[in-house]
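Morning, everyone. Please have the sequence and the structure open. I'll talk you through a few salt bridges and then some helix packing.

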Amino acid sequence: MVEQIVIHGQRAWLKQYGQGSRAVALALLNFVAHRFQLDALRPPPHRGGDAARETEARRLAELQAQGVNVPAVLGAGRASLVLGDNGSSFNTCLRQADAAGRDALVSAAMQAIAAAHAKGAYFGQPLPRNLTWDGQQIGFIDFEEDPLEVMDLAQAQARDWLMFGYGVAKYYEDRPQQLQALMAAAMDGEQAPVLAHAHAVSGRLQRLARYSMKMGRSARALAHAILIVHGATTLGMLMLVAICFDFFSDGDLDILQLFV
């Protein structure tokens with residue numbers, strides 16, 4: 001749970017970590033990722049309480065040292081952190097922007113991800129809901145899980161592109177070529193192992209993309225994400241479980257929602 005508070009006239013956030021309760025969902029996702037060799041989408045442990053607090057504090061310190069715009073840790077308590085503010089909801093900004101504004105925001109986010117990767121950073125779930133925008137910089141939030149517990153750095157960075165691609169695809173349902181162009185430009189400087197990993201897992205989802213185009217909005221967003229990143233990198237991208245991970249991360253196991 002995250003609650004907005006005010007400290008000395010400045011907005012801050014009190015984040016409280018409940019007990020982990022997603023064992024079944026994460027076990028299912030891990031089984032699917034292992035069965036279909038989707039290493040970049042293996043779920044890291046989802047801990048609760050003080051363990052989650054410690055993971056997030058450590059990840060924030062690591063990212064801050066790498067020059068990434070993340071919230072400052074202002075204080076800590078039992079199963080809780082007090083975090084500084086680093087901008088408004090990126091998701092809200094995307095919803096409120098026109099086409100040109102969305103292009104500018106998405107491009108800025110992609111460049112921020114690429115720049116962080118070049119410094120050895122990784123995120124885990126850079127979905128729009130976990131990004132911020134202060135009018136000048138993209139910020140990143142929500143680090144209570146650590147992908148490097150279950151994968152290597154190249155896989156974790158490939159995972160970042162998978163998650164971000166799915167998260168923004170719904171805003172480009174009628175302009176997929178534009179999103180592909182933006183992603184191609186942003187990923188141009190990525191390390192070969194990151195692109196190679198995306199290539200190794202991409203082909204397994206091309207059939208899914210074709211089927212998904214005939215289904216509901218979420219499924220079409222999934223299909224567009226697969227095809228867009230495939231074109232952007234000439235390698236492709238795995239998204240079969242990315243959408244599942246998005247929902248599983250919220251503790252929602254109603255798979256039918258994917259096609260509504």
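Let's start with a question: does Arg53 count as buried or exposed? Arg53 counts as buried, because its relative accessibility is 17%, and the cut-off for buried is under 20%. Keep in mind that this is a predicted model.

Now look at the partner of Arg53. The side chain of Arg53 meets that of Glu54 in a salt bridge, 3.5 Å from N to O. Glu54 has a relative accessible area of 48%, so Glu54 is partly exposed.

Why would such side chains meet at all? Side chains of opposite charge can pair when their charged atoms come close.

How many salt bridges does the whole structure have? The search finds eleven.

Let me pick out Lys15. Lys15 forms a salt bridge with Glu56, and their closest N and O atoms are 2.8 Å apart. Glu56 sits in helix α2, residues 49-65, and Lys15 in strand β2, residues 10-16, so this pair ties together parts that are 41 residues apart in sequence. Both Glu56 and Lys15 are buried.

Lys15 has another salt bridge, with Glu144, at 3.0 Å from N to O. Glu144 lies in the loop between β7 and α5, and Lys15 in strand β2, so to speak of distance along the chain, they are 129 residues apart. Glu144 is buried, as is Lys15.

On to the helices. Find α6, residues 176-187, and α5, residues 153-169. Their axes come within 12 Å and cross at roughly 155°. That makes α5 roughly antiparallel to α6. The crossing is right-handed. On the α5 side, the contact uses Trp161, Phe164, Gly165, Val168 and Ala169. On the α6 side, it uses Leu179, Met183, Ala186 and Met187. By class, that is eight nonpolar residues, one polar and no charged.

Now α4, residues 99-118. The axes of α4 and α6 come within 9 Å and cross at roughly 25°. Therefore α4 and α6 are roughly parallel to each other. This crossing is right-handed. Among the α4 residues that meet α6 are Asp103, Val106 and Met110. Among those on α6 are Gln178, Leu182 and Ala185. The contact of α4 with α6 has eight nonpolar, three polar and one charged residues.

That's the tour. Over to you.

Key: Residues numbered from 1 in each chain as written. Predicted model: local features only at pLDDT ≥ 70, side-chain atom pairs only at ≥ 80, totals over all residues. Heavy atoms only, no water. Axes fitted to C-alpha atoms, helices over the stretch in contact; angles between N-to-C directions. Helix = DSSP H or I, 4+ residues; strand = E, 2+ residues; numbered from the N terminus. Parallel < 35°, antiparallel > 145°, perpendicular 65-115°, else oblique. Left-handed = near helix turned anticlockwise from the far one by under 90°. Contact = heavy atoms within 4.5 Å. Nonpolar A, V, L, I, M, F, W, Y, C, P; charged D, E, K, R; others polar. Salt bridge = Lys/Arg side-chain N within 4 Å of Asp/Glu carboxyl O. Buried < 20%, exposed > 50% of the residue type's maximum accessible area, 1.4 Å probe, protein only.
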